[in-house]
Amino acid sequence: MKIKGEWMEFSVKKEWAGISLQQFLKEKLNAPKSLIHKWRMEHEVKINDSLPNWTAPLNEKDSIMIRLFQDEDLDIIPEYMEIDLLFEDEHFLIVNKPAGMDTHPNEPGQTGTLANGVAFHLQMQGMTRKIRHIHRLDHDTSGAIVFAKHALSHAILDRLLEERLIKRTYTAIVQGKLKQKKGKIDQPIGKDRHHSTRRRVSPSGQSALTHFKTEDYNTRFDVSLVKLQLDTGRTHQIRVHLSHIGYPISGDDLYGGNKNLINRQALHASEITVMHPFTAEKVSVSADFPEDMKKLMMKLQF
């Protein structure tokens, strides 16, 4: 696998020989039908520097070229900001989002979001690309977020997320001492019809599964340090699930937490492990806690 300007080159392996280009793109690269159709219509795939026969069998050592790295129309305004970059290569990047910032614009022309900063970061590298977040974090939740740098990476990372092959670990400070040291919360989540932004556990909601493990407990303040992993990615999932079992996140007044210790939900996406979309290697990063959580954890001696 090599990058040549706007193109990525794959040399056909022995085990790929005999399948068609169409099969290779669908089964070996896991490209979605819509993207394959675009490549076909816009002549963005070549075999041995020529337009391909899409159904003919591939030969070992054939060169497959796919145009992945071209400039695109910007969908987000680039905006200078300091971003905490945790990982980056040609295909995706991972950024540590501060608390008090949206992941992406919620209306055209909005600035001040992490996506605006990522757009500027790419622009400074000479890239004009659409900004493709793979998942998101709430405005007041901090931590690691994955962004894809081109359409194929986006499609593969989306599938990995659906297949639970992107592992996200969160750290929360919750009120009370959990009865179980570790366990799982398997409760469906739906909209709260009495509140426009709140979610709730609902039998008619979408399935949601959260794993938790208590790391520490402070008797004086009656709060616990908890690590959590998501198998699903529902809106406010961790906040809803912890509140539902009686242990709201400290500072999360939307779900019953109080602001005695911190002025926003004490929730941080602290670790993420991504299977690389092309090399299949594991990329694992840790995201530093923001200052308010660092100070709180020192106060609580966590």
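This note sets out, point by point, how the predicted model is put together.

1. Basis of the values. The model is predicted, so local features were taken at pLDDT of at least 70 and side-chain atom pairs at pLDDT 80 or more, whereas totals for chains, interfaces and linings use all residues. Residues are numbered from 1 along each chain as its sequence is written, and side-chain values use heavy atoms, with hydrogens and water left out.

2. Overall make-up. The protein has 6 helices and 16 strands, where helices (H or I, at least four residues) and strands (E, at least two) are DSSP runs numbered from the N terminus. Along the principal axes, the C-alpha atoms fill a box of roughly 70 × 40 × 40 Å. Of the 302 residues, 49% count as buried; buried means under 20% relative accessible area, exposed over 50%, and partly exposed in between, with a 1.4 Å probe and protein chains only. Among contacts (heavy atoms within 4.5 Å) with a separation of 6 or more, 66% come from residues 24 or more positions apart.

3. The nonpolar cores. A nonpolar core is a set of buried Ala, Val, Leu, Ile, Met, Phe, Trp, Tyr and Cys residues joined through side-chain atoms within 4.5 Å. The largest one has 40 residues, and Phe147 and Ile173 have the most contacts inside it. Two or more residues are given to this core by each of β6 (92-97), α3 (114-124), β8 (142-148), β9 (166-175), β14 (223-230), α5 (237-244), β15 (267-275) and α6 (291-300). Apart from it lies another core, of 38 residues, which includes Val12, Phe92, Leu152 and Val283.

4. Surroundings of Ile173. When its neighbours within four places in sequence are left aside, Ile173 is in contact with Val223, Ser224, Leu225, Ile249, Ser250, Ala266, Met293, Leu296, Met297, Leu300 and Phe302.

5. Strand β9 and its partners. Strand β9 is mostly covered, with 9 of its 10 residues buried. β9 pairs with β15 in the antiparallel sense over 7 bridges, and with β14, again in the antiparallel sense, over 7 bridges; two strands are taken to pair if DSSP finds at least two bridges between them. On the β15 side, Lys167 stands opposite Thr273, while in β14 the bridge partner of Tyr170 is Leu228.

6. Helix α6. Which residues of α6 are buried? They include Met293, Leu296, Met297 and Leu300. Seen down the axis of α6, the buried residues fall within an arc of 100 degrees, so they line one face of the helix; the arc is that of the directions from the helix axis to the C-beta atoms. On the other side of α6, Glu291, Lys295 and Met298 are exposed. The cover over the buried residues of α6 includes β9, β13 (209-218), β14 and β15. After α6 comes Gln301, whose phi is positive, near 60 degrees.

7. Helix α5 is mostly covered, since 6 of its 8 residues are buried, namely Gln237, Ile238, Arg239, Val240, His241 and Leu242. Just after α5, Gly246 takes a positive phi of about 95 degrees. Arg200, found in strand β12 (residues 199-201), counts as partly exposed because its relative accessibility is 34%. Arg200 and Val240 are 40 residues apart in sequence, yet 6.0 Å apart in space, C-alpha to C-alpha. Leaving aside neighbours within four places in sequence, the contacts of Arg200 are Pro188, Ile189, Gly190, Lys191, Asp192 and Val240.

8. The α1 and α2 pair. Helix α1 (residues 21-28) packs with helix α2 (residues 33-41) at an angle of about 145 degrees, their axes being 10 Å apart; axes are lines fitted to C-alpha atoms, for helices over the stretch in contact, and angles run from 0 to 180 degrees between N-to-C directions. Gln22, Leu25 and Lys26 in α1 meet Lys33, Ile36, Trp39 and Arg40 in α2.

9. Ile19. Not counting residues up to four places away in sequence, Ile19 touches Phe24, Lys28, Ala56, Pro57 and Leu58. Ile19 and Gly100 are 81 residues apart in sequence and 50 Å apart in space, C-alpha to C-alpha.
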